[in-house]
Amino acid sequence: MAEHISVSQISKYIGQEVTIKGWVYNRTDKGKLCFLLVRDGSGFVQCVAFKGDLEPEVFDKVMRLPQESSVIITGVVREDKRAPGIPGGYELGVKQIEIVQEAAPEYPMSLKDHGPDFALDHRHLWIRMQSQWAILKVRSTVMAATREWLNTNGFLEMSTPILTPAAAEGTTTLFETEYFDEGKAYLAQTGQLYNEANIFAFGRVYCFGPTFRAEKSKTRRHLTEFWMLEPEIAFCDLDGLMEVEEKMIQHIAQRVMRDCMAELKFLNRDISKLENIQAPFPRMSYDDAANYLLDLYEKETDPERKELLKFEWGMDFGAPHETELTKLHDKPLFVYGYPSAVKAFYMEPWPGRPEVCKSVDLLAPEGYGEICGGSERMSSHDALLARIHKEGLPEEAFKWYLELRKYGSVPHSGFGMGVERVVAWLCGIEHIREAIPFPRTIKRVYP
Ligand code: 4AD
Ligand code: MG
């Protein structure tokens, strides 16, 4: 019996007889030859059936096999530069084929182009397509590389709750649910506050899970359910935080280039752009960024663009502003020291400038914008309490959070990385909804 192999490993089996188990992705017939592009979950490979090698009735069936039929194929691996597939460059000369199920005809996600709504309605099938498969493979690699870097740099993974009693990132964007006799509970917008408790027990921690935002944003960068990685570090200031971020992002990019080169090439990603992702990343203060943007705005003569670039000190950046700033470099850019008014309540004020906070966003180049948001946290009990009052937040709900500042408070910092935004950037795709298997947006909870 031939060895059952994964398509991703096929280059190790040249000249050998092997078995692959998978699904027919595409079929082209050329008289006595039938080319099947077969996918097995690990990759896509061309299998060539020659009429003379198979029983006549078997060959006849193969010639009529519908897309997505499941098959077990045994054959000999050949190197052939022209052979399509991912990784591509290899083919299997079919000796034996077992049809596990002949798929129903008229597969809805045929290989022609589909409109976005149709594709999203058929997401359960769309994920089988080469482009979607490649993106989601990169996603899995990004997640594995993230954990790998954190686990080897002294971080412990702590799971934080998804059902929470109060808002952490502003009150207007919460999904709400009844919670037995306890009143309302909310789906977590962040695990950060709980991680701030965790660092006093474990030093360096991270949580990695789904995050929920009910904001009515319909942009290509927003999901209502997305995955966020949140490291939190004791005895760490804003500079220390940026060093952690850039090292981790560099590691992720390098892992993706090592493990997903075939997928990136299939997606036509410009690899040279990814090779630039090397620490240290440039750092720019909000003040400098604001001056630069103001200047751009004032010089702009096209009225439509001028409206988009409208800016004054104190504003949060819009997507066009972020795009302009990142054009200054070919690496991700740190912008630090935002006005406190546009950031969350827990951020440490800038020494001597209370209107500014020790916050930092990491902006990805090529128009991808904010991929990480973080800050040094307020470590003084009284300053934090005053801020909670000023924001009109329920003090009762933050009693435990305030208590962290009473027993061994230290400077500490953390950030959140949006997984889908990183994946969309590394893959060079337009919309982050393709960077998660089953996207949730304000218009979609199906399938
Ligand atoms: O900047 P955000 O809102 O930061 C926090 O929630 C902090 N509590 C994180 C922390 O310091 N532990 O979100 C962090 C990142 C953003 O930079 C972005 O990449 C991603 O999460 N993100 C979203 N991704 C997809 N859809 C959305 N609606 C997102 N909102 C934020
Ligand atoms: Mg943010």
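Mentor: Start with a term: contact means heavy atoms within 4.5 Å. The domain bounds come from an automatic or database domain assignment. This is a predicted model, where local features need pLDDT of at least 70, side-chain atom pairs count only at pLDDT 80 or more, and totals for chains, interfaces and linings use all residues. Residues are numbered from 1 along each chain as its sequence is written, and side-chain values use heavy atoms, with hydrogens and water left out.

Domain 1 covers 3-107 and domain 2 covers 125-435. Their C-alpha centres lie 44 Å apart. At the meeting place, twelve residues of domain 1 are in contact with eight residues of domain 2.

Now the area. Buried area is the accessible area (1.4 Å probe) that two parts lose on being put together, summed over both. Here it is about 870 Å², and carbon and sulfur atoms give 61% of that. On the domain 1 side, Tyr25, Ile86 and Tyr107 supply 55% of the area buried against domain 2, more than any other three residues.

Next, the charges. A salt bridge puts a side-chain nitrogen of Lys or Arg within 4 Å of a carboxyl oxygen of Asp or Glu. The count between the two domains is one salt bridge. Arg128 and Glu68 meet in a salt bridge through their side chains, at 2.9 Å from N to O.

Last, the classes. The side of domain 1 that touches domain 2 has six nonpolar residues (Ala, Val, Leu, Ile, Met, Phe, Trp, Tyr, Cys and Pro count), two charged (Asp, Glu, Lys and Arg) and four polar (the others, Gly among them).

Notes
Chains lettered and ligands numbered in written order.
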